2 protein chains.
Amino acid sequence: MPVTRLDLARIEAARRVIDPIFLDTPCYRCDALESALGCAVSIKLETANPVRSFKGRGTELVASQLPDGSSVVCASAGNLGQALAWSGRGRGLDVTVVASRFAPAAKLDRIRALGARLELVDGDFDAARERAADIARRDGVRLVEDSLDVETCEGAGTIGLELVDTVPSCDAVLIALGGGAMATGVGHVLKAKAPNVEVICVQPVGAPAMTLSWRERRLVTTDSTDTIADGVAGRRPIPAVLDDLLVVADDAVLVRESSIIAGMRLLLTHAGLVVEPSAALGVAAIIEDRDRFAGRHVVTIVCGGNVDLDAYHRWIAG
Amino acid sequence: MPVTRLDLARIEAARRVIDPIFLDTPCYRCDALESALGCAVSIKLETANPVRSFKGRGTELVASQLPDGSSVVCASAGNLGQALAWSGRGRGLDVTVVASRFAPAAKLDRIRALGARLELVDGDFDAARERAADIARRDGVRLVEDSLDVETCEGAGTIGLELVDTVPSCDAVLIALGGGAMATGVGHVLKAKAPNVEVICVQPVGAPAMTLSWRERRLVTTDSTDTIADGVAGRRPIPAVLDDLLVVADDAVLVRESSIIAGMRLLLTHAGLVVEPSAALGVAAIIEDRDRFAGRHVVTIVCGGNVDLDAYHRWIAG
């Protein structure tokens, strides 16, 4: 049993707390991708829900533990904010989301539409994290920190339980790596219940801080990020999350922007899915290392579909 | 309890026979569509499976009743053929699909890729039906007739069971109407278990035969069809299916091509979904009669996502 901050029994219990609308998401073999990529590919689809990403699993868990009517603040690259707004709306929570003003408009618009207060900062996601922490201190309200708050990891971990139930014989699971909530959550469950399944984290070469940290087994930060995969673009990994990732990840790979775009294109043409760049990281990893995956059965978690369509069409057409 | 050829107990039993990959599909409120359409819209998403349409529910049921290794033939507008090929492949069935050579290339390619024998006819779907019947007679093999074979209706009826479980308080369900398998299947279950939910069938004005038949309570055929919604473009309704539809449908409406395209566009921009024209019929019906649905909670079944992307982009850009 892997020893991390996460707890398998709590993850099992989370299934009974999270709104079913976020659970038991589709998981299916995609033949058309198989012939394009040279390996069996199963898609775990996390976009067919009211916030179009997996983040609702974690925010449901967070929100279920807060008193009705309480206040909560989070920093978000865009998806956590939507999910927290959704979970908070149903429970009468007062939700503030801090985001970079450079986040995709689609994400920012939907945070507002879901009734959250949105505060924008001029900097990037890590600047938003600082600002959210300031607000929490100033106002004395609960700060939800993605990946650091174990509920965000354990919520995502319910994906792992579903994978063990539905594709127990797969060879590898490809997980987009940003702050690490999904990677540590899914990874913890896989290592506990299906230890032979390879847990592979995938990050853009333009936002490599957590991958470099994992490889060097020490915290590595970067000064900036340069990637279209806005959902995973962090510069400063969280030490406790790195510690967990060192326990559960078998590998962490970096992929090029061109591969992310090629992955998005393949998911559209071969699977009919419009996804955000972060959700194409897994396919990008296969594209960059076909030999590694040849003939194997690989699951890729399609973790989000919030994308500005103008940018999307530009990338796809490129 | 509605009296049709369908049987609620058999539909309940079908849930235990159909591969779970086709069952318990996502059903979720889409806030963004709500503001665009003036009513609460829940999406029942039938595209996140290996054949990207609801047809697997019916073909699983059909295939489960055939001896392993037996032969089967069907006519298909494209989606039934994929689904029968998928269900047959897992059971070692010898599957022949007859389709119009004017069916979308994406559908024809995937029928072949799934290992079925594909025979093309120069005419339309109803010509393919004749040819499939000829083959069945000539070769003495099982003919699967969509909507006439009660398994195709009862398989689709499992969608109705899921709707009753997940959105019991909705006001209306919008169902794409072609041959009538989905409409009679879902309609039968709703009338049996949630009789206050309005069952509304939607067909293109360019392929109105079944709707006209329902309205006149007698068989009406047309000489041709003219619609981009290839999945529902039939000219000759099946009498037994019409009889059932008269029992379970509360209304049948016709929508314009421009509304179908507007519906596809809304599903892309507000729900992030690439759908085939037939799957946008429900949204098209709301667009054409906003007053009717204002303030109500409407479920639309997004029944298929097999579309030629070139045509799709042309329609959306139009």
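**Salt bridges, a pocket and a buried helix face**

At 42% relative accessibility, A:Glu216 is partly exposed. This is a residue of a predicted model. A:Glu216 has a partner: it forms a salt bridge with A:Arg218, with the closest N and O atoms 2.6 Å apart. A:Arg218 is partly exposed too, at 46%.

Stay in chain A for another pair. A:Arg138 and A:Asp139 join their side chains in a salt bridge of 2.7 Å, N to O. A:Arg138 is exposed, with a relative accessible area of 56%. A:Asp139 is partly exposed, at 41%. Chain A also holds a network of salt bridges, which links A:Glu12, A:Arg15, A:Asp165 and A:Lys193.

Now turn to chain B. B:Asp146 and B:Lys55 form a salt bridge, their closest N and O atoms 2.5 Å apart. This pair links distant parts of the chain, 91 residues apart. B:Asp146 sits in the loop between strand S6 and H7, and B:Lys55 in the loop between S2 and helix H3. Both residues are buried. Over all chains, the whole structure has 64 salt bridges.

Next comes the largest pocket, with a volume of about 1,000 Å³. Its lining counts 41 residues, and the closest to the centre are A:Asp24, A:Thr25, B:Leu23, B:Asp24 and B:Thr25. Strands S1 and S2 and helix H7 of chain A each give two or more residues to the lining, as do S1, S2 and H7 of chain B. The lining divides into 19 nonpolar, 10 polar and 12 charged residues.

End at helix H10 of chain B, residues 239-248. Its buried residues include B:Val241, B:Leu242 and B:Asp244. Among the elements that cover them are helix H8, strand S8 and helix H9 of chain B.

Definitions and conventions
Residues numbered from 1 in each chain as written. Chains lettered and ligands numbered in written order. Predicted model: local features only at pLDDT ≥ 70, side-chain atom pairs only at ≥ 80, totals over all residues. Heavy atoms only, no water. Buried < 20%, exposed > 50% of the residue type's maximum accessible area, 1.4 Å probe, protein only. Helix = DSSP H or I, 4+ residues; strand = E, 2+ residues; numbered from the N terminus. Contact = heavy atoms within 4.5 Å. 1 Å grid on protein atoms, 1.4 Å probe; cavity = no way out; pocket = protein on both sides within 12 Å on 5 of 7 lines; lining within 4 Å. Points joined across faces, edges and corners; volume = space filled by probe spheres on them. Nonpolar A, V, L, I, M, F, W, Y, C, P; charged D, E, K, R; others polar. Salt bridge = Lys/Arg side-chain N within 4 Å of Asp/Glu carboxyl O.
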